[in-house]
Amino acid sequence: MVYEYIKQPWKTLYLTYQVPATLCVLLPVWVVTYALPALRPRPAWSWGHAITVSLCRHMNLIACTVGSIPPLPDHHAIVPSKEAQGVWIDGTPQLITADLKLWTTLSKVERTRIPGYWYGKKGIVPEPKAPVQPGDKVFLFFHGGGYIVLSAHPKSLTSSIPRVLVELNDSVPRALAVEYRLSSIHPLPDRHPFPTALLDALAGYNYLVNVIGYNPSNVIMVGDSAGGNLALALVRYLVENKDTTDVSLPSPPGGLLLLSPWADMGDSHDVPGSSAFTNKGDIVEDMTKEHSFPSYAKRAYLGPYGMGMAAFNRYISPASLNPQVNVRFTGFPRTFIKAGGAERFLDQIRTLRNKMVADIGKDMVTYYEAPDAVHDYLVFPWHPACPSTLKAIQHWLA
């Protein structure tokens with residue numbers, strides 16, 4: 001069960017068992033087993049690659065059981081760092097309308113300010129001076145972690161993404177990572193269900209456009225895994241409500257960069273023979289197991305709405321195969337979608353691509369699939385698919 005041993009003394013006892021078991025039992029077993037290519041999770045993987053992926057997957061399981069070690073920064077405070085500059089971002093209740101207004105009321109979402117962290121290209125000050133110059137471009141980054149873990153702070157594994165993106169093109173030298181509030185349920189307190197993260201994402205976008213002064217067309221929205229889900233939801237909100245008269249929403253962004261997006265939080269893709277079942281070597285657990293990380297993440301994010309919300313809500317499952325979900329992408333910006341050929345989310349990402357191409361055209365959607373790559377592999381600088389993927393993103397940005 002997720003966070004089963006997050007409290008002391010069980011946390012210490014669990015780690016006391018897991019650390020030597022991993023180093024003295026599991027690691028030697030992998031070293032011997034994966035010497036034969038046929039016994040590796042993916043025969044195309046090298047011996048070292050297979051061991052590294054298995055170790056990463058196991059460390060994820062440990063972190064899901066006891067929580068982050070050490071704990072990561074969250075929305076309560078700005079934690080200083082030499083690698084990024086923190087800023088406070090105010091909430092935007094004046095921009096909430098339509099379905100989002102209803103969901104905000106039903107979920108009893110509290111209004112608060114949240115941190116954001118500026119990342120800059122080497123040699124420049126991360127935080128820009130407002131107002132920025134006309135034509136200046138920026139990344140707006142939403143980190144992954146199933147809406148329940150990780151952080152926008154440089155200590156987080158996912159911070160490798162904004163750090164590498166700002167080095168790809170001189171025209172986009174900065175990235176703002178939003179420290180949106182994370183969801184949780186038992187054994188942690190019930191807190192921050194949908195649409196809390198969407199409200200925080202909207203606040204981050206408003207900060208870039210209406211406080212710092214970026215033109216929406218010069219904002220490239222980025223999200224990995226659950227952050228990709230969040231980026232899709234925010235763009236949808238901006239597109240669907242751009243002509244609303246009771247609020248003055250910023251225009252949609254000029255670009256959308258989706259890295260292994262979690263595009264279907266329902267179960268429409270969880271069928272025998274799908275990547276959810278066949279890609280067993282991925283770092284993501286079996287999504288169909290009741291006590292897995294993905295299952296806990298869904299229940300925490302959906303909160304009082306329950307799993308039925310994921311099956312029918314276009315903001316939560318934009319790639320759903322449910323015929324009763326009418327999801328359109330008309331009005332979405334040019335989009336780059338990245339997937340790994342060995343990830344459990346592969347089928348739903350391909351469905352997302354197909355839906356977007358059908359609505360906005362093949363010229364507006366760039367799709368890159370790295371053969372035999374695991375979920376969200378760009379967070380691992382050692383992964384062999386990173387250089388070619390970053391080159392493809394660089395070409396898309398040009």
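**Labels and their grounds**

Student: Why does Asp372 count as partly exposed?

Tutor: The relative accessibility of Asp372 is 22%. Buried means under 20% and exposed means over 50%, with partly exposed in between, so Asp372 is partly exposed. Keep in mind that this is a predicted model.

Student: What makes the phi of Asp372 worth a remark?

Tutor: Phi is about 65° there, a positive value, and Asp372 is not a glycine. Most residues other than glycine have a negative phi. Asp372 sits in the loop between strand S8 (365-370) and helix H11 (386-397).

Student: Which phi value does Ala98 have, and where does Ala98 lie?

Tutor: Ala98 has a phi near 55°, which is again positive in a residue other than glycine. Ala98 belongs to helix H3 (residues 98-107). With 43% relative accessibility, which falls between 20% and 50%, Ala98 is partly exposed.

Student: How do you know that the peptide bond from Ala130 to Pro131 is cis?

Tutor: Omega is near -5° for that bond. Pro131 is found in the loop between strand S2 (114-120) and strand S3 (138-142). A cis peptide bond also joins Gln8 and Pro9, with omega about 5°. Pro9 is in the segment before helix H1 (10-33). In general, most peptide bonds are trans.

Student: What makes the contact of Asp99 with Arg314 a salt bridge?

Tutor: The closest N and O atoms of Asp99 and Arg314 are 2.9 Å apart. A salt bridge requires a side-chain nitrogen of Lys or Arg within 4 Å of a carboxyl oxygen of Asp or Glu, so the pair of Asp99 and Arg314 meets the criterion. This pair links distant parts of the chain, with Asp99 in helix H3 and Arg314 in the loop between helix H9 (308-312) and strand S7 (334-340), 215 residues apart. A search of the whole structure gives 10 salt bridges.

Student: Are Asp99 and Arg314 buried, exposed or in between?

Tutor: Asp99 has a relative accessible area of 30%, and Arg314 has a relative accessibility of 25%.

Student: What about the side chains of Arg328 and Asp359?

Tutor: They too meet in a salt bridge, at 2.8 Å from N to O. Arg328 is in the loop between H9 and S7 and Asp359 is in helix H10 (residues 346-360), so the pair ties together parts that are 31 residues apart in sequence. Arg328 is partly exposed at 47% relative accessibility.

Student: Why is Leu346 called buried?

Tutor: Leu346 has a relative accessible area of 5%. Buried means under 20%, so Leu346 is buried. Leu346 lies in helix H10, and its C-alpha is 9.8 Å from that of Ala263, which is 83 residues away in sequence.

Student: What makes H5 roughly perpendicular to H6?

Tutor: The axes of helix H5 (residues 196-212) and helix H6 (residues 226-240) come within 10 Å and cross at roughly 70°. Angles of 65 to 115 degrees count as roughly perpendicular, so H5 is roughly perpendicular to H6. The crossing of H5 and H6 is right-handed.

Student: Which residues form a nonpolar patch on the surface?

Tutor: Val31, Val32 and Trp47 form the patch, with about 280 Å² of accessible area together. Patch members need over 30% relative accessible area, and Trp47 has 40%. Trp47 is part of helix H2 (residues 47-66).

Note on methods
Residues numbered from 1 in each chain as written. Predicted model: local features only at pLDDT ≥ 70, side-chain atom pairs only at ≥ 80, totals over all residues. Heavy atoms only, no water. Patch = residues over 30% accessible without salt bridge, like charges linked within 9 Å, V, L, I, M, F, W, Y side chains within 5 Å. Areas by Shrake-Rupley, 256 points an atom, 1.4 Å probe, with all protein chains shown as cover. Helix = DSSP H or I, 4+ residues; strand = E, 2+ residues; numbered from the N terminus. Buried < 20%, exposed > 50% of the residue type's maximum accessible area, 1.4 Å probe, protein only. Axes fitted to C-alpha atoms, helices over the stretch in contact; angles between N-to-C directions. Parallel < 35°, antiparallel > 145°, perpendicular 65-115°, else oblique. Left-handed = near helix turned anticlockwise from the far one by under 90°.
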